[in-house]
Amino acid sequence: MNIPLRPQDIEVFTEAITHYFNASTGEKASVRSAYLLERGGPVIWNDFNGLIEISGDYHGSVCFSAPRALLSHVLLKMGESVFTDERHGDIVGEIANTLSGRARRHFGEGLGISPPRLLEYPSSGIEAMAHSLPYAIPLRWHGYEANLVVHLEAC
Amino acid sequence: MRLNQRPLSMMIVDDSTVIRNRIARLVSNPQLPLIRIAGLAANGEVALQMARETRPDLITMDLTMPNMDGEACIEEIARFLPDAQILVVSALSDKATALRAILKGAHGFLHKPFTDEELLESLVELIA
């Protein structure tokens, strides 16, 4: 039987977002309350969507979805001088990977994490991976809106 | 680690171009001894081949990568380059993963996301 996430499980991802922007850019992100993403609900996907597939004691996915402008700003903060689509895809995947990896502090090594891949049509990509509804965690950084979508169940 | 007149050579292994570039930029910091970048690799398979060819003194190693992951790569490199100092730079934040990487031959572990200062401190400790 698959067990849906508890609120304290989701809190781990909220903390990971806060920590990521502090450490990587030196600037805080404002993270709002997580909510269940109903099928047919508002479209939250952005220009770039980096997906991590989860395996092991859990299954599902973690997807970081952000507009190009947010990612360009993060790249700039990291000292990048190249702003191609490839570089934006690289950083959106790296953020998804870093947020998922930090969650292993809470879930342990049973949270298997794949290398990131880019999704062009995210809603069809994540629905197949877990039966429960995904959580969306909205954030704002430097005036840009982005979302972390956590679609995860314990096996 | 042997410190002599020649610059230390360093290989950077990470599947993110942005992270490889960031680490490469930071190693030119004057807090560190002169370091020459021996190569950049996007996965463990490429890193293994590059390590055989360039025999780097220092390696930064990601863990979650396609083809061959960082743990398997560390284990292999530690066999034929036992003096290479390996710093794991990974998002995987559980203690068991860090411990396993150290047992396989890594000498340090830096969690992503890292600040510039944290990377420099880790490299200074690695070289000392």
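This is a predicted model: local features need pLDDT of at least 70, side-chain atom pairs count only at pLDDT 80 or more; totals for chains, interfaces and linings use all residues.
Residues are numbered from 1 along each chain as its sequence is written, and chains are lettered from A in the order in which they are written. Local features need pLDDT of at least 70, side-chain atom pairs count only at pLDDT 80 or more, totals for chains, interfaces and linings use all residues, and side-chain values use heavy atoms, with hydrogens and water left out.

**The interface**

Taking contact as heavy atoms within 4.5 Å, the interface draws 24 residues from chain B and 25 residues from chain A. The two chains bury about 1,900 Å² between them, 53% of it on carbon and sulfur atoms; this is the accessible area (1.4 Å probe) lost on being put together, summed over both parts.

Three salt bridges cross the interface of chain B and chain A, each a side-chain nitrogen of Lys or Arg within 4 Å of a carboxyl oxygen of Asp or Glu. Arg100(B) forms a salt bridge with Glu109(A), with 2.6 Å between the closest N and O atoms. On the side of chain B that touches chain A, the elements giving two or more residues are helix H1 (17-26) and helix H4 (95-104) of chain B. H1(B) gives the most, with six residues. Helices here are DSSP runs of H or I with at least four residues, strands are runs of E with at least two, and both are numbered from the N terminus.

**Aromatic pairs**

Over all chains the structure holds four aromatic pairs. Rings of Phe, Tyr and Trp (its six-membered ring) pair if their centres lie within 6.5 Å; planes under 30 degrees apart count as stacked, over 60 as edge-to-face and the rest as tilted. Two of the pairs are tabulated.

| Pair | Centre to centre | Angle between planes | Class |
|---|---|---|---|
| Phe13(A) and Phe107(A) | 5.9 Å | 40 degrees | tilted |
| Phe21(A) and Trp141(A) | 5.4 Å | 35 degrees | tilted |

Phe13(A) lies in helix H1 (residues 7-25) of chain A and Phe107(A) in helix H4 (residues 104-107) of chain A, so their pair ties together parts 94 residues apart in sequence. Phe21(A) is in helix H1 of chain A and Trp141(A) in strand S8 (residues 135-141) of chain A, so this pair joins parts 120 residues apart in sequence.
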